[in-house]
Amino acid sequence: MQDVKTIGSNGQISFGKRYAGRQVCVEEQEPGVWLVRTVTVIPDNELWLNTSKAQSDLQRAMAWASAHPADDTDTQHALDQMTRG
């Protein structure tokens with residue numbers, strides 16, 4: 001798709017509402033030539049969640065949770081144990 005846009009006096013270009021709020025990476029490939037791509041930025045303190053180990057651990061935890069549905073048959077016993085330490 002090719003579309004001609006005008007850079008406004010404030011230096012901005014509108015890509016339309018469907019991209020509103022998205023983050024983009026703007027790469028100047030040469031003077032006057034830009035590559036604009038939508039991106040998802042992961043904060044440094046959450047980057048570990050994107051590792052294969054974290055994903056494997058999460059899959060294992062989800063499988064365990066599926067095989068062991070929650071119930072409240074022994075809630076009082078569990079609460080008693082937690083309050084005793």
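"Partly exposed" here covers residues between the buried class, under 20% relative accessible area, and the exposed class, over 50%. Keep that scale handy, because Lys5 falls in the middle class with 40% relative accessibility. One caveat before you start clicking: this is a predicted model.

**Stop 1: Asp3 and Lys5**

Select Asp3 and Lys5 and show their side chains. They meet in a salt bridge, with an N to O distance of 3.5 Å. Colour by accessibility if you like: Asp3 has a relative accessible area of 48%, so Asp3 is partly exposed, and Lys5 is partly exposed too, at 40%.

**Stop 2: Lys53 and Asp57**

Now jump to helix 1, residues 52-67. Pick out Lys53 and Asp57, which sit four residues apart in this helix, about one turn. Their side chains form a salt bridge at 2.9 Å, N to O. Lys53 has a relative accessible area of 56%, which means Lys53 counts as exposed, whereas Asp57, at 28%, is partly exposed.

**Stop 3**

What do the side chains of Asp57 and Arg60 meet in? A salt bridge, 3.2 Å from N to O. Arg60 is exposed, with a relative accessible area of 53%.

**Stop 3: the trio**

Show Lys53, Asp57 and Arg60 together: they're linked in a network of salt bridges. Asp57 takes part in the bridge with Lys53 and in the one with Arg60.

**Zooming out**

Technical notes. Residues are numbered from 1 along each chain as its sequence is written. This is a predicted model: local features need pLDDT of at least 70, side-chain atom pairs count only at pLDDT 80 or more; totals for chains, interfaces and linings use all residues. Side-chain values use heavy atoms; hydrogens and water are left out. A salt bridge is a side-chain nitrogen of Lys or Arg within 4 Å of a carboxyl oxygen of Asp or Glu. Buried means under 20% relative accessible area, exposed over 50%, partly exposed in between (1.4 Å probe, protein chains only). Helices (H or I, at least four residues) and strands (E, at least two) are DSSP runs, numbered from the N terminus.
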